[in-house]
Amino acid sequence: MYDLTGFQRDLLYVTSGLDEPHGLAIKDELEEYYEKEIHHGRLYPNLDTLVDKGLVEKGEADRRTNVYSTTQRGTRETEARRDWEEQYVDGLFSE
């Protein structure tokens with residue numbers, strides 16, 4: 001997880017959190033968060049990087065729609081990252 005960009009971590013978080021994570025649903029979520037358009041040329045190569053790293057699996061819903069799911073490794077690494085973050089930011093919000 002340490003070698004991912006912030007955008008790739010966000011992709012992994014969104015993929016983990018969506019019920020049916022396909023490319024356009026992931027894109028819509030990120031556009032809402034970033035408040036700007038996410039181009040396909042940025043989205044899909046970064047999703048492919050997550051697949052190559054074994055954090056996400058890619059499948060086909062049909063000929064035009066790819067679906068993504070977080071692997072066990074991706075889930076473990078996401079949880080480890082959240083634990084690491086909490087040790088630094090948890091105290092900020094407890095008061």
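Accessible areas here come from the Shrake-Rupley method with a 1.4 Å probe, and for residues only the protein chains shown count as cover. On that basis the accessible surface of the protein comes to about 6700 Å², with 45% of it belonging to carbon and sulfur atoms. This is a predicted model, in which local features need pLDDT of at least 70 and side-chain atom pairs count only at pLDDT 80 or more, while totals for chains, interfaces and linings use all residues. Residues are numbered from 1 along each chain as its sequence is written, and side-chain values use heavy atoms, with hydrogens and water left out.

The protein has four helices and two strands, arranged along the sequence as α-α-α-β-β-α. Helices (H or I, at least four residues) and strands (E, at least two) are DSSP runs, numbered from the N terminus. The C-alpha trace spans about 50 × 30 × 25 Å along its principal axes. Of the 95 residues, 33% count as buried, meaning under 20% relative accessible area, with exposed set at over 50% and partly exposed in between (1.4 Å probe, protein chains only).

Helix H2 covers residues 23-34 and includes Glu-32. This residue counts as exposed because its relative accessibility is 63%.
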